[in-house]
2 protein chains.
Amino acid sequence: MKSIGHTVNETHDPQLRSWVESANQPGTDFPIQNLPFGVFRSTSHSRPQLGVAIGDAVLDLRECVQAGLLDGLAAEMANACTAPTLNPLMALPCEQWSELRGRVSELLRVDSSPIVGSRSIMERVFVPMRDAELLLPAEIGDYSDFYASIHHATKVGAMFRPDNPLLPNYKYVPIGYHGRASSIVASGTPVRRPCGQTKDDIQELPTFGPSRRLDYELEVGIFVGPGNWQGEPIPIAEAERHIFGVCLVNDWSARDIQKWEYQPLGPFLSKSFATTISPWVVTMEALAPFRVPALVRPTGDPPPLDYLNDPSDRERGGIDVTLEVWLQTQPMRDRGIEPVRLSRSNLRDMYWTAAQLLTHHTSNGCNVRPGDLLASGTVSGPAKDSRGCLLELTSRGSDPLTLPSGEQRRFLENGDEVILRGYCEGPGFVRIGLGECRGTVLPASAPAY
Amino acid sequence: MKSIGHTVNETHDPQLRSWVESANQPGTDFPIQNLPFGVFRSTSHSRPQLGVAIGDAVLDLRECVQAGLLDGLAAEMANACTAPTLNPLMALPCEQWSELRGRVSELLRVDSSPIVGSRSIMERVFVPMRDAELLLPAEIGDYSDFYASIHHATKVGAMFRPDNPLLPNYKYVPIGYHGRASSIVASGTPVRRPCGQTKDDIQELPTFGPSRRLDYELEVGIFVGPGNWQGEPIPIAEAERHIFGVCLVNDWSARDIQKWEYQPLGPFLSKSFATTISPWVVTMEALAPFRVPALVRPTGDPPPLDYLNDPSDRERGGIDVTLEVWLQTQPMRDRGIEPVRLSRSNLRDMYWTAAQLLTHHTSNGCNVRPGDLLASGTVSGPAKDSRGCLLELTSRGSDPLTLPSGEQRRFLENGDEVILRGYCEGPGFVRIGLGECRGTVLPASAPAY
């Protein structure tokens with residue numbers, strides 16, 4: 001059996017503490033055991049720079065290279081660390097990611113850092129996260145969105161096709177579709193309510209105007225590392241070596257536009273107006289302590305076809321990531337009411353693993369490139385409070401939520417801020433977080449004709 | 001009424017002749033009235049360069065700039081002409097494309113060229129097309145594929161949904177879906193037969209293996225010029241200012257994979273293994289003499305919704321481009337039999353215009369970027385010999401074609417070369433061509449597990 005590529009090592013040691021004090025606070029998303037990568041801009045550096053999140057600070061990798069703190073790494077790694085996107089780093093073999101992670105971990109350890117004591121170096125290589133503008137971590141060449149939660153697929157399927165909720169291909173094919181790369185935005189970017197054609201059951205003719213059924217979708221994004229050549233699929237046993245890490249994804253969806261447009265070629269404008277991702281990419285190595293067996297298929301379900309069936313993937317293909325959706329409306333902000341949690345689900349409940357998604361994607365010879373993004377599809381669980389979108393939570397709007405402000409929600413209103421959060425915790429390991437993925441809904445613009 | 005942006009002018013004058021003699025031959029795709037843009041590499045220049053096709057030669061725009069032949073153009077245009085892709089040129093306003101076209105036309109005219117007579121300049125700025133490797137003309141950020149032929153939609157719909165061929169949204173929504181940008185290849189690149197999951201009606205369970213129903217699709221690609229900001233749709237009256245030009249597209253399709261995977265999110269791996277495009281982008285200005293009214297909708301069809309309805313687009317939104325599919329099999333090559341024409345159709349028969357496709361695409365606020373590619377969908381006409389894919393031509397394989405070699409074809413076999421051609425002709429104007437889009441089918445690779 002081949003190794004799945006990313007294993008637990010000394011960088012995960014729960015005893016490790018950082019001299020960046022905020023990284024040692026319980027509940028931080030970014031302890032020294034995490035070390036996610038991202039891209040930021042600051043008042044001192046208007047050019048995008050690679051950074052590593054540590055507590056409430058960002059370690060500037062370019063400055064680290066220039067200060068000689070990463071001497072000894074291969075030249076291509078030094079180049080990757082000084083690039084304006086993560087793509088060159090993602091393109092390197094996973095062993096080199098691991099080496100960089102080890103070096104960064106050493107730099108930040110309370111007992112061994114050469115940085116401690118040098119105020120001038122500290123000022124050079126650290127930026128308080130509040131002073132950093134967090135950007136898209138990579139140039140995303142292609143974005144593909146899957147449908148890997150059988151709970152989501154079954155519930156939504158029942159709404160669109162009551163007689164035929166889960167189609168016969170679902171348990172064989174990791175269903176996915178191509179998404180829109182140009183409209184992926186970084187967390188915090190406001191999202192304008194889309195206009196589009198809609199036709200409800202009582203309308204005789206479709207009309208064009210602002211969507212009245214705007215929804216979020218709680219998803220996890222998978223960033224591709226080294227790509228493959230066109231015509232040369234990635235075998236499942238190799239797939240995780242091609243996965244750099246994960247982020248949170250809000251796949252905003254206009255349900256009324258979707259309903260009218262999606263037959264026969266799938267969702268298009270109901271999705272392409274905006275997709276928000278969280279800024280920090282948590283590496284597969286950071287996630288190693290939280291790997292779990294792939295979902296055990298219920299009795300009667302078929303096994304995956306051979307090209308998607310790997311013993312190592314069955315044993316460790318799942319990732320135990322708790323995922324949450326929070327909402328704060330404009331009236332809540334006005335009255336000082338904190339965001340309210342709408343749902344909590346877990347990535348481990350996916351019907352397909354990340355390796356299966358990537359292998360399936362390339363099984364026809366399609367080439368993926370470093371920085372390409374694959375998203376899980378809405379992560380829903382079996383329980384009502386684990387439904388990852390409003391379409392499910394409110395049963396298509398028929399069962400509205402009541403918020404702490406007394407407001408009701410069937411779908412999103414203007415001014416609503418949606419906040420996705422994710423974290424991993426488990427006995428014997430320090431909790432790590434995925435950070436946040438935020439977006440506030442702006443009113444539609446006036447029709448442009 | 002606003003102008004549609006591209007008008008007939010002196011560069012279309014049928015009296016114009018070039019001192020590049022091959023450009024004056026009847027039947028050439030690239031007379032001086034065409035001047036399409038592309039990207040090439042040659043033995044003398046391993047770096048990709050911008051070029052203009054003229055007869056059987058390529059005019060090297062970078063060398064023209066460096067030789068001072070384009071002096072006087074704006075600095076951003078000079079920069080665009082020396083870039084390795086068309087993207088920077090596409091990003092400029094259409095008035096600047098027109099200015100460049102005018103200058104290139106002057107350079108190549110028999111009566112006015114400063115090049116003639118200087119052998120050293122000629123050797124520097126021209127490359128015989130046979131010595132040029134023609135590359136992808138642009139870095140394609142996003143690729144979207146439409147379904148704009150009602151003849152194709154109706155015929156294919158009847159195969160997949162006999163009871164419901166043309167869905168109720170078709171005459172309102174320019175149906176489209178996101179395609180895969182990474183696997184778009186330049187004409188001449190061999191295409192490996194994809195593997196994938198298929199399940200025919202008599203199989204109880206799906207199997208994984210090489211597609212047995214590989215097809216081509218004859219399409220026209222539309223390259224986006226200047227983009228729009230996210231959240232700011234492009235009004236239909238402005239749309240053509242955002243279209244740089246067109247090319248031929250072969251949207252290779254694995255029909256058996258498509259049939260099993262496409263519900264409910266649309267085609268995915270059945271398309272993403274490869275898409276071939278022709279290397280020369282024929283500008284909207286070159287097409288100006290061949291503009292025709294948009295398709296007159298049959299009585300009883302609804303008018304387009306307001307955001308897709310523009311008087312100028314109705315009047316000149318169509319483009320009269322004859323499109324052909326040719327096939328040469330390995331046995332035909334072996335026996336010296338020329339390629340055979342399988343179909344001939346015309347872009348003017350599309351239900352939606354290029355402007356409508358682009359405006360619809362951005363109507364939800366989705367941003368397009370220079371170099372993005374929109375494809376028409378299979379261009380089929382009403383007649384049997386105007387069906388733009390084998391699925392239609394052979395009625396899903398039930399009515400095979402007989403080739404001049406005596407072979408039969410239901411779908412593509414290994415070794416088959418598909419050649420798409422396109423051209424415009426009309427009284428009072430010189431014929432211009434889109435060149436060719438070629439691809440030969442390679443056998444599937446061994447399954448990678």
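Author: Two strands pair if DSSP finds at least two bridges between them; strands (E, at least two residues) and helices (H or I, at least four) are DSSP runs numbered from the N terminus. This is a predicted model, in which local features need pLDDT of at least 70, side-chain atom pairs count only at pLDDT 80 or more, and totals for chains, interfaces and linings use all residues. Residues are numbered from 1 along each chain as its sequence is written, chains are lettered from A and ligands numbered from 1 in the order written, and side-chain values use heavy atoms, without hydrogens and water.

Reader: How do you know that β2 and β3 of chain A pair?

Author: Strand β2 (residues 49–54) and strand β3 (residues 57–60) of chain A share four bridges in the antiparallel sense, and at least two are required. In one of these strands, β3(A), A:V58 is the bridge partner of A:A53.

Reader: What makes β4 and β5 of chain A edge strands?

Author: The open sheet of chain A has five strands in the order β4-β3-β2-β1-β5, with antiparallel pairing. β4 (126–128) and β5 (132–134) of chain A each have a single partner strand, so one side of each lacks a neighbour in the sheet. From one strand to the next, the twist averages 45 degrees.

Reader: Which helix packs on the sheet, touching β1, β2, β3 and β4 of chain A?

Author: Helix α4 (residues 94–108) of chain A touches these strands, where contact means heavy atoms within 4.5 Å. The direction of helix α4 makes about 120 degrees with that of β3(A); such angles run from 0 to 180 degrees between N-to-C directions.

Reader: Why is the pair of A:Y351 and A:W352 called edge-to-face?

Author: The structure holds 22 aromatic pairs over all chains. The ring centres of A:Y351 and A:W352 are 5.5 Å apart and their planes stand at 80 degrees; rings pair with centres within 6.5 Å, and planes over 60 degrees apart count as edge-to-face, under 30 as stacked and the rest as tilted. The pair is therefore edge-to-face.

Reader: Are A:Y351 and A:W352 buried or exposed?

Author: Buried means under 20% relative accessible area, exposed over 50%, partly exposed in between (1.4 Å probe, protein chains only). A:Y351, at 4%, counts as buried, and A:W352, at 3%, counts as buried too.

Reader: What makes B:R297 a charge over the ring of B:W352?

Author: The charged end of B:R297 sits 4.6 Å from the ring centre of B:W352; the limits are NZ of Lys or CZ of Arg within 6 Å of the centre and within 35 degrees of the ring normal.

Key. Rings of Phe, Tyr and Trp (its six-membered ring) pair if their centres lie within 6.5 Å; planes under 30 degrees apart count as stacked, over 60 as edge-to-face and the rest as tilted.
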